[in-house]
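Visitor: I have a structure to look at and some questions about it. Could you take me through it step by step?

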Amino acid sequence: MLMNLVTALAVTAGGWLPAPSAPFDVAAGARCDFPVHGEPVVDEVKTKVLARHPDGSTKREAYVGDLVFAYTNTDTGETLEADLGGSALVEIEPGGTLTTKSTWYLVGPAGFGFREGGGNRPRGLWVFDGVYTVAFDAAGVKTVTMYHGTERNLCTELG
């Protein structure tokens with residue numbers, strides 16, 4: 001149902017804006033036992049605000065589009081690419097952001113980093129694929145609820 005809603009919005013409505021992903025670097029021990037560089041290889045993600053809170057801040061927004069990220073273990077040079085081009089509907093509570101006081105409803109692949117004690121998955125760079133939610137509390141701690149699908153920690157593959 002979520003996928004149908006997001007796809008229908010993408011096809012029938014205007015107002016979609018590019019939502020580019022930035023490259024990143026994380027130090028050894030932050031997500032993996034080694035330093036990691038990540039950067040988009042394909043980035044066609046678009047976003048659309050669907051509802052606003054009375055103060056004008058975003059209440060609900062959708063994300064669609066292709067996204068492929070290259071992840072590199074900068075100690076060894078080992079690189080892998082991951083498809084992260086799932087669709088998302090994000091509900092943001094008053095005073096929240098994309099990564100605090102929000103819930104992501106996702107279909108398809110997406111990537112999330114977990115620090116030590118940062119959620120209900122061990123430290124790592126995780127790719128989830130299927131039907132699932134990712135809820136962020138006020139401190140940015142993540143809770144993933146997988147309804148159907150797969151998950152993988154890219155640190156294991158890059159190590």
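Visitor: Which residue in strand 12 stands opposite Y132?
Guide: Strand 11 covers residues 124-136, and its pairing with strand 12 is antiparallel. Within this pairing, the residue opposite Y132 is M146.

Visitor: What is the phi of G140, in the turn of the hairpin?
Guide: Strand 11 and strand 12 form a hairpin, with 5 residues between them. G140 sits in that turn, and its phi is positive, at about 85°.

Visitor: Which residue of strand 11 is the bridge partner of T103?
Guide: Strand 9 (residues 100-107) also pairs with strand 11, in the antiparallel sense and over 6 bridges. In strand 11, the partner of T103 is A135.

Visitor: How many of the 13 residues in strand 11 are buried?
Guide: A residue counts as buried when its relative accessible area is under 20%. Strand 11 is mostly covered by this rule, and its buried residues number 10.

Visitor: How far apart are the closest N and O atoms of E151 and R121?
Guide: Side chains of opposite charge can pair when their charged atoms come close. E151 lies in strand 12 and R121 in the loop between strand 10 and strand 11, so their pairing ties together parts that are 30 residues apart in sequence. The two form a salt bridge, and the closest N and O atoms are apart by 2.7 Å.

Visitor: Is R121 buried or exposed?
Guide: The cut-off for buried is under 20% relative accessible area. R121 has 15% relative accessibility, so R121 counts as buried.

Visitor: Which strand holds E91, the salt-bridge partner of R60?
Guide: R60 and E91 form a salt bridge with their closest N and O atoms 2.5 Å apart. R60 lies in strand 5 (residues 58-64), so the pair ties together parts 31 residues apart in sequence. The strand that holds E91, residues 87-97, is strand 8.

Visitor: What is the mean pLDDT of the protein?
Guide: Over residues 7-12 the pLDDT is below 50. Where pLDDT is low, the predicted coordinates should not be read in detail. Across the protein, 92% of residues reach 70 or more, and the mean pLDDT is 94.

Methods
Residues numbered from 1 in each chain as written. Predicted model: local features only at pLDDT ≥ 70, side-chain atom pairs only at ≥ 80, totals over all residues. Heavy atoms only, no water. Buried < 20%, exposed > 50% of the residue type's maximum accessible area, 1.4 Å probe, protein only. Helix = DSSP H or I, 4+ residues; strand = E, 2+ residues; numbered from the N terminus. Pairing = 2+ DSSP bridges. pLDDT = per-residue confidence, 0-100. Contact = heavy atoms within 4.5 Å. Salt bridge = Lys/Arg side-chain N within 4 Å of Asp/Glu carboxyl O.
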